Structure formats: structure tokens, C-alpha cells
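Subject: Structure handover

Hello,

Here is the structure, to be opened alongside this email. My notes on it follow below.

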Amino acid sequence: MNFHILTLFPEMVQNTLKTSITGRAVNAGHLSINAVNIRDYAFNKHQSVDDYPYGGGAGMLMQAEPVYLAYEAVKEKIGGRRPRTVYLSPQGNVFNQKMAEEFSEEEDLILLCGHYEGIDERVLEEIVTDYVSIGDYVLTGGELPAMVMVDAISRLIPGVLHNDVSAEFESFQDNLLEYPQYSRPEDWRGKKVPPVLLSGHHANIERWRREQSIIRTYERRPDLLKKSCLTEKERLWFSQWLSENNEKTRSDSKSENED
Ligand code: ADE
């Protein structure tokens with residue numbers, strides 16, 4: 001998959017993405033990162049890319065033409081097709097795992113990073129296919145959000161993670177959070193590894209992990225649990241667990257009140 005990142009800070013993007021797993025995936029040919037400097041397409045004396053907004057208001061806007069020419073250069077490079085083009089903005093749809101999966105099917109993806117107070121609306125209308133936010137807060141530019149997207153999408157591309165199954169089974173698969181994990185030592189400062197994990201009984205281990213995922217999702221992200229698909233057997237087990245634990249909570253708080 002080829003990521004084309006239109007930015008005023010290409011080094012920021014290149015330097016970050018050349019490290020760790022994305023860097024290794026680039027070297028192995030699973031993906032490419034093409035950081036395009038929008039300033040290279042500012043054909044004026046001072047290579048400026050921003051100007052005052054019509055109608056007044058605070059700050060500067062990125063002008064339409066350099067952004068458009070940078071986009072056209074990418075389009076030409078990939079044979080004239082109009083690739084999916086994401087504008088990173090707090091006004092976009094909030095990024096999630098499902099979107100990462102969908103984007104990972106693309107051959108080419110343009111990520112457009114804004115700065116200052118944003119970008120002239122006319123070029124956005126012309127080139128943008130998707131508006132994406134990474135959460136309800138405002139950052140100084142689109143580079144960090146673009147890198148968040150590259151990271152989340154890359155790990156879904158076959159071959160990028162050594163272990164292909166791990167991308168499938170981690171958090172958010174089936175809207176359940178990942179179960180707790182343990183490594184050596186078996187006893188760490190008096191805290192023991194759950195015995196089932198040492199039993200070697202694979203079916204029991206699988207069942208325990210699935211149950212832990214359900215409990216964890218219930219406790220930390222109840223909104224996700226509503227969207228998950230539990231089997232009939234799991235539903236029964238969970239309602240039993242809930243009644244036992246609600247009883248326990250009730251009797252715990254009763255004895256606290258009596259103390
Ligand atoms: N640019 C500035 N803030 C952003 C956010 N929260 N998500 C995506 N792009 C942004």
C-alpha cells in the first residue's frame with residue numbers, strides 16, 4: 001500500500017515513520033511513505049503557502065493552489081487515477097478500527113495535513129473524499145493524526161506484523177477488548193499468573209481469555225460490549241457472572257457501611 005502524505009513538514013512524517021514497525025514494513029516493501037512537501041508547489045517569490053482569510057478573522061489559511069498541485073503530482077505519479085483522499089480535521093468522522101480496515105484495502109491513499117487555521121474550502125471540495133478526525137480535541141496540524149492513521153492501517157496489511165493472527169485477535173476484534181496477558185516470572189512480587197494459563201489445557205485457556213475479554217469490555221468500555229456478538233452460551237455465562245458480581249458488590253458495600 002502506498003501512503004502519500006501532503007504536508008508542510010515532510011521530515012516530521014518521514015523521520016517518525018521510518019522507525020519501528022512501519023519502517024521495517026517500508027524496507028520489506030509492504031508499504032511506501034511518500035511525504036510530499038506542499039511548499040514545493042508554491043510557485044511564488046517567497047514560496048508562501050498561506051494567506052489571510054476573506055472576510056477577516058484570526059490566523060492564516062493554506063491556499064488552494066499549492067495543495068491542488070501537490071495532489072495533481074501524486075495523481076500523475078500513480079497513473080492519473082483519483083485516489084481516496086483524506087483531509088485530517090477535527091470536523092471529520094472519528095477514526096476507528098473499522099475505518100482502518102476499510103482504508104487498508106486501498107492501493108494508494110492520500111492524507112492531506114492542514115496547518116494554520118485550515119485550508120481554502122475550494123480545494124477541499126475538489127479533491128477530498130473523506131474527512132477524518134482522531135478525536136474531539138484540536139491539534140496544531142494534521143501530521144500526528146496522519147501518522148496515527150498510517151500506523152493503525154499498516155498493521156492490518158498482510159506481512160507487516162510478523163504474526164498475522166495477532167492483528168486479527170487484538171483489541172476491538174468483534175468489539176471486545178483484549179484479555180490480560182502475563183509473562184515470566186510466574187510469581188511477581190507475590191502476584192501470581194492465573195493458574196489456567198499454566199495448565200496447558202488449550203480449550204480452557206481460550207474460554208478463560210474470551211471471558212476475560214467480555215469482563216474487561218464490560219468494565220472499561222460498556223459502549224463496545226453492546227455492539228459485540230456473544231454466543232448464546234457466553235450470554236448465559238455473562239448474566240450469571242453479572243448476578244454473582246452484583247451480589248458481591250452489594251455485600252461488599254453493605255459490610256463497608258456496617259464498618
Ligand atoms: N487536526 C487538528 N486536530 C485534529 C484532530 N483532532 N483530528 C484530525 N486532524 C486534526
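**Asp130 and its contacts**

The side chains of Asp130 and Arg84 make a polar contact of 3.0 Å. Here a polar contact is a pair of N or O atoms within 3.5 Å; within protein, one must be able to donate a hydrogen and the other to accept it, and residues adjacent in sequence count only if both atoms are side-chain atoms. This is a predicted model: local features need pLDDT of at least 70, side-chain atom pairs count only at pLDDT 80 or more, and totals for chains, interfaces and linings use all residues. Residues are numbered from 1 along each chain as its sequence is written, and side-chain values use heavy atoms, with hydrogens and water left out.

A further polar contact, of 2.7 Å, joins the side chain of Asp130 to that of Thr129. Asp130 lies in strand E7; helices (H or I, at least four residues) and strands (E, at least two) are DSSP runs, numbered from the N terminus. With a relative accessible area of 15%, Asp130 counts as buried (buried is under 20%, exposed over 50%, partly exposed in between; 1.4 Å probe, protein chains only). Apart from neighbours within four places in sequence, Asp130 is in contact (heavy atoms within 4.5 Å) with Arg84, Thr85, Val86, Tyr87 and Phe103.

**Aromatic pairs**

Six aromatic pairs turn up in a search of the whole structure. Rings of Phe, Tyr and Trp (its six-membered ring) pair if their centres lie within 6.5 Å; planes under 30 degrees apart count as stacked, over 60 as edge-to-face and the rest as tilted. Tyr87 and Tyr131 form an edge-to-face pair, 6.1 Å centre to centre with 85° between the planes. The pair links distant parts of the chain, with Tyr87 in strand E5 and Tyr131 in strand E7 (residues 130-133), 44 residues apart. Tyr87 is buried at 9% relative accessible area, whereas Tyr131 is partly exposed at 31%.

The pair of Phe238 and Trp241 is stacked, because the ring centres are 5.9 Å apart and the planes are at 10°. Both residues lie in helix H10 (residues 232-258), three residues apart, about one turn of the helix. Phe238 is buried at 9%, and Trp241 is buried at 14%. Ring pairs also link these two with Tyr218 and Trp237 into a cluster.

**Nonpolar cores**

A nonpolar core is a set of buried Ala, Val, Leu, Ile, Met, Phe, Trp, Tyr and Cys residues joined through side-chain atoms within 4.5 Å. The largest one has 27 residues, and those with the most contacts inside it are Phe3, Ile5, Phe95, Phe103, Leu111, Met149 and Ile153. Among the elements that each supply at least two residues of this core are strand E1 (2-7), strand E5 (84-94) and helix H6 (143-154). H6 gives the most, with six residues. Leaving out neighbours within four places in sequence, Met149 is in contact with Val86, Leu88, Phe95, Phe103, Leu111 and Val132. A second, separate core of 20 residues includes Ala42, Ala64, Ile119 and Ile127.

**The ligand**

A ligand nitrogen atom is 3.1 Å from a polar backbone atom of Ser89. For Ile134, a ligand nitrogen is 3.0 Å from a polar backbone atom, and for Gly135 the distance is 3.1 Å. The protein covers 96% of the 260 Å² of accessible area that the ligand has on its own (Shrake-Rupley method, 1.4 Å probe; for residues, only the protein chains shown count as cover).

Regards
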